[in-house]
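Let's take a walk through this structure together. Have the sequence and the 3D view handy, and follow along as we go.

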Amino acid sequence: MSLWSRYMSWMERKLVPLFTKVGSQRHMVVLRESFLSIISIILVGSIFEIIPGLPGLANKLAPYKAYFDMPFQVTFGVLAVYLSFLIAYNLAGTYKVDQVAAGITSLMTFLLAAYTATSVDGTLYMSLEWLGTWGIFGAIVIGFYSAEIYRICIQKGWYFKPPPGVPPGVARFVQSTLPQLIILAPIWLLSSVGIKIPSLITNALKPVIKATDTYPAFLVMLFIEHLTWFVGVHSWSLIGPIYFPFLIANQTANADAIAKGLVPMFIATFNCYFGGAAGGTGSHFPLVLFGLKSKSKTIRTVSRAGFIPVLLNINEPVLFGFPVILNPIYFIPHCILAPLIRSLTYLLTKAGLVSPCHILFFAFVPNPFLWYFGNLDPRTLFWGPIIGYVLPALAYYPFFKIHEKAMIELERKQGAQ
């Protein structure tokens, strides 16, 4: 058995089951699904950031900035509020207990945990400080805490039993009352003595947040993302719940800073991370372009079928059709060269050659526009094609020719048979 065969056998026996187990863990799945659910909220808020920042519109729309800030505040500004509900709602669903009751309980608990109010002329104003970006990690903890305690109460029978024959709505609030009191009481006590859970958690995570904004962390996550796809495991299921919350928090923190007239402080952001890929993980669009003119009928057919999806960063046709997955020919360009090339987005931002991303834009749009919509910096329209198309084309071409030659030979033998 060759060295490569032994290596692939080891990955299939050890890494693939590990990746699959981690990615399918209950709380990881819930975290992933919850963040996917707030993408639409983020996109709506991002549109109201993009419009007044577009070239030619900035000066004209400047007097109306306050109106464009309104949707921003009810999307980005209270992102943690939505997340606190979604996490408890989704987790309760995995335990087959009342999802709405668990979600509402978590939402109520989080608002109490983040409660900071000021009285002005007899009117009470609640601060948004911990309801947005900086409250995300607190919302995750509160969501898990609320759902877990709620399901324990229900499963153990620690709730008031509604009398027979009452309407479902009445039964729900009767059943939920005691678990809600049990969940709320500790948070109320902590808040009463000045301990704010979102503040406590965010301050504890500051070293981690700082570490995730470094080039080594950025590069390591890119390597893991490309390796998981290479062995056939969806990268979002593995690193999404671990790393993407930090990228999203970093980018929304940049948005908050710009809204306040401050300088954005984070480089490792969601759009910076995805800004270097053209054609999905691995930057496979050049492969499709090569394949359209290939002498191999198989490669040519796959490339024609995958052209539009890969243009829109959906590269499953290439991953499974060429294939790239578990193909030793593409290990070096996909798992080593592609992540190194994509990491240039971090280095360019660090060097000040492009602006940090602050608009969280996630859609199936071709690069470099995905990167451009993250910062509205025209310089990304120059660097994006180089990182997403030119350099990957140079990296993949010699390996593509090897693959093409092998496929032509295989097709010749099959034709002869």
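Predicted model: local features only at pLDDT ≥ 70, side-chain atom pairs only at ≥ 80, totals over all residues.

Now find helix 6, residues 79–94, and helix 8, residues 136–156; their axes come within 8 Å and cross at roughly 30°. That angle falls under the cut-off, so helix 6 and helix 8 are roughly parallel to each other. As helix 6 passes helix 8, the crossing is right-handed.

Which residues in helix 6 and helix 8 meet? From helix 6 come L79, A80, L83, S84, I87, A88, L91 and A92, and on the helix 8 side they meet I136, A139, I140, G143, F144, A147 and E148. Sorted by class, this contact of helix 6 with helix 8 has 12 nonpolar residues, 2 polar and 1 charged.

## Helix 6 and helix 2

Helix 6 has another partner to look at: the axes of helix 2 (residues 26–37) and helix 6 come within 9 Å, crossing at roughly 135°. That makes helix 2 oblique to helix 6. Here, too, the crossing is right-handed.

On the helix 2 side, the contact uses R26, H27, V30, L31, E33, S34, F35 and S37, which meet L83, L86, I87, N90, L91 and T94 of helix 6. This contact of helix 2 with helix 6 splits into 7 nonpolar, 5 polar and 2 charged residues. L83, I87 and L91 of helix 6 turn up here, and they're also among the residues that meet helix 8.

## A bend in helix 21

Where does helix 21 bend? Look at Y397: the bend there is about 40°, and a proline, P398, follows within four residues.

Most residues other than glycine have a negative phi, and most peptide bonds are trans.

The bond from F322 to P323 is cis, with omega near -5°, and P323 sits in the loop between helix 17 (316–321) and helix 18 (331–342). N367 and P368 are also joined by a cis peptide bond, with omega about 10°; you'll find P368 in the loop between helix 19 (344–350) and helix 20 (369–375).

Then there's S283, which isn't a glycine but has a positive phi of about 50°. Look for S283 in the loop between helix 14 (270–274) and helix 15 (285–292).

Terms used: Residues numbered from 1 in each chain as written. Heavy atoms only, no water. Axes fitted to C-alpha atoms, helices over the stretch in contact; angles between N-to-C directions. Helix = DSSP H or I, 4+ residues; strand = E, 2+ residues; numbered from the N terminus. Parallel < 35°, antiparallel > 145°, perpendicular 65-115°, else oblique. Left-handed = near helix turned anticlockwise from the far one by under 90°. Contact = heavy atoms within 4.5 Å. Nonpolar A, V, L, I, M, F, W, Y, C, P; charged D, E, K, R; others polar. Bend = angle between axes of the 7 residues up to and from the residue.
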